[in-house]
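Have a look first, then read on.

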Amino acid sequence: MFESTDRVAIIGGGIAGMAMALALHKLNILCTVYEMRDSVVAPKTAGGAMMLSPNALSILDGLGVYPRLLGKGYPFEWTHYKNTDEDTVDRYPLGHEEAYGYKAMRIYRQELLTILCDVCNERGVPILFKKKFARIIKETEKGVEFEFADGTTDSAALLVGAEGIHSKVRSYINPGVEPKYTGLTALTWETPTAHLRIPEGKNYAFPVAVLTAGGAFVLAPQRPDGSAMLAGTQFRLEDRSREEWERLLADKQQLRDWARENMDVWPDIARSAIENIDLDPHTLNIWPFRALPRLERWASPVHRRVVILGDAAHAVPPTTGQGASQAFEDVLSLCLLVARLREERSPEMQWEDALDFWQKLRQERMDDLLELTRRLNNKRLPLEKQALLGKDDLWFDESATNPKQMAWLYLPQIEESIDAWVREKVGGRSTCPLRRFCPRDKN
């Protein structure tokens, strides 16, 4: 499949695209990133903050990026659930240093993107800006020729679409498939933590979701010292065109009005966050939740030289905070497969079989994550509604008896899965040792 001179083209210079470039570079595979924007430069708070769990941080550690994140994000281990009386009723681990090797981290998306771009530049990974992907010109068993909006063309042995949920590369692989609006929209903003009225005697630990008859109100620390707090909730809203959503995002007064509706249903700490909504109005944001149907193909059907990953292949609901983490898992697993095919050079190992194995491995992972999402979404219902559900419909903290309850998610064993597939294909004759790309957990 791959020769030492073959190159991978990565469409999209976002977080997944930059991470893939660094992974390929570490594996000595030539690659180029193509990004439609002029640069990655933007205000630090642009795009808000994101969640990184141990499975993501382990991969970033393997890329040599994790040390640069320290001191840039807010480390924590649990998110907490409170009832209408503001008593803690449960908690969910988003990271745990002792159990999974890393605490979770909330970090501004722009901060992470800037760091990834800086590392790419330092290591000599080519990033070409102002390159908006237009179309695939020709695909053969040897590679892909493609065109950009400016009329220029290029070619590569493999083209990877990492340009998010509105992927144009996905349209080439799965014509007519578009993301669907779920009917739910998040409304969030950032407020100074010091301005919140945190009640005494209620043992507030953050992040927290306060469950009321009006839904869940979320408070999650931003910045390394937690001095800012993401505040917000979600509600049902009719769908709009992309242009209408953009106009709504710009209509800060309408967003303020929605946030202030029915303020009396929220506890006082939430009301104090709403009262301070004007202190940093540029952080006021709406996020329409979109989902993709389960895709038949993550790669082009004939020559298999065009592949999608991350949100282009599976838009992960935000409940679990696993969007970026799963994109990193896609990246690592695909890059390791490319490297192993190049190293083994065995007739038993074909690119088509590798892609089938990769999509099955990743799709089963996504199916498990969607089931977890369903149970955690139910955890955000008012407690009286939760009481009507069965035990299998809710996630419960079992850490007292099972300290590694979430090991299946946070310790995914990607290298081991790929090594097992390779050995099965070559009848155990593999001469390449198991590649330990990620640091192991610290126990």
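## Asparagine 378 and its contacts

Leaving out residues up to four places away in sequence, asparagine 378 touches Gln386, Leu389, Asp393 and Leu394, where contact means heavy atoms within 4.5 Å. Asparagine 378 sits in helix α11; helices here are DSSP runs of H or I with at least four residues, strands are runs of E with at least two, and both are numbered from the N terminus. With a relative accessible area of 15%, asparagine 378 is buried. The cut-offs are under 20% relative accessible area for buried, over 50% for exposed and partly exposed in between, using a 1.4 Å probe and protein chains only.

A word on the ground rules: this is a predicted model, in which local features need pLDDT of at least 70 and side-chain atom pairs count only at pLDDT 80 or more, while totals for chains, interfaces and linings use all residues. Residues are numbered from 1 along each chain as its sequence is written, and side-chain values use heavy atoms, with hydrogens and water left out.

## How α10 meets α11

Two packed helices are described by the angle between their axes and the distance between the axes. For helix α10 (residues 323-344) and helix α11 (residues 351-379), the angle is about 160° and the axes are 11 Å apart. That makes α10 roughly antiparallel to α11. The axes are lines fitted to C-alpha atoms, for helices over the stretch in contact, and angles run from 0 to 180 degrees between N-to-C directions. As for the wording, angles under 35 degrees count as roughly parallel, over 145 as roughly antiparallel, 65 to 115 as roughly perpendicular and the rest as oblique.

On the α10 side the contact is made by Gln326, Glu329, Asp330, Ser333, Leu334, Leu337, Val338 and Leu341. The α11 side brings Trp351, Ala354, Leu355, Phe357, Trp358, Arg362, Arg365, Met366 and Leu369. Sorted by class, the contact of α10 with α11 has 11 nonpolar, two polar and four charged residues. Here Ala, Val, Leu, Ile, Met, Phe, Trp, Tyr, Cys and Pro count as nonpolar, Asp, Glu, Lys and Arg as charged, and the others, Gly among them, as polar.

## α1 alongside α5

Helix α1 (residues 15-26) and helix α5 (residues 109-122) have axes that come within 9 Å and cross at roughly 30°. α1 and α5 are therefore roughly parallel to each other, and their crossing is left-handed.

Ile15, Met18, Ala21 and Leu22 in α1 meet Arg109, Leu112, Leu113, Leu116, Cys117, Val119 and Cys120 in α5.

## The cores

The largest nonpolar core has 113 residues, and those with the most contacts inside it are Leu52, Leu60, Leu69, Tyr92, Phe146, Phe328 and Trp351. A nonpolar core is a set of buried Ala, Val, Leu, Ile, Met, Phe, Trp, Tyr and Cys residues joined through side-chain atoms within 4.5 Å. The largest share of this core, 12 residues, comes from α10. Setting aside residues up to four places away in sequence, phenylalanine 328 touches Ile15, Ala19, Leu52, Ala56, Ile59, Leu60 and Leu112.

A second, separate core of 26 residues includes Tyr204, Phe217, Met229 and Ile274. Ile274 is also one of the buried residues of helix α9 (residues 268-275), along with Ile269, Ala270, Ser272 and Ala273. Those buried residues of α9 pack against β13 (180-192), β15 (215-222), β16 (228-236) and α8 (252-260).

Isoleucine 418 belongs to helix α14 and counts as buried at 2% relative accessibility. Apart from neighbours within four places in sequence, isoleucine 418 is in contact with Ser333, Leu336, Leu337, Arg340 and Phe357.

Arginine 423 also lies in helix α14 (residues 414-425), but at 31% relative accessibility arginine 423 counts as partly exposed.

The peptide bond from phenylalanine 206 to proline 207 is cis, with omega near 0°. Proline 207 is in the loop between β13 and β14 (208-212). Asparagine 203 is found in the loop between β13 and β14 too, with phi near 50°, a positive value in a residue other than glycine.

Conventions:
A crossing is left-handed if the near helix is turned anticlockwise from the far one by less than a right angle, and right-handed if clockwise.
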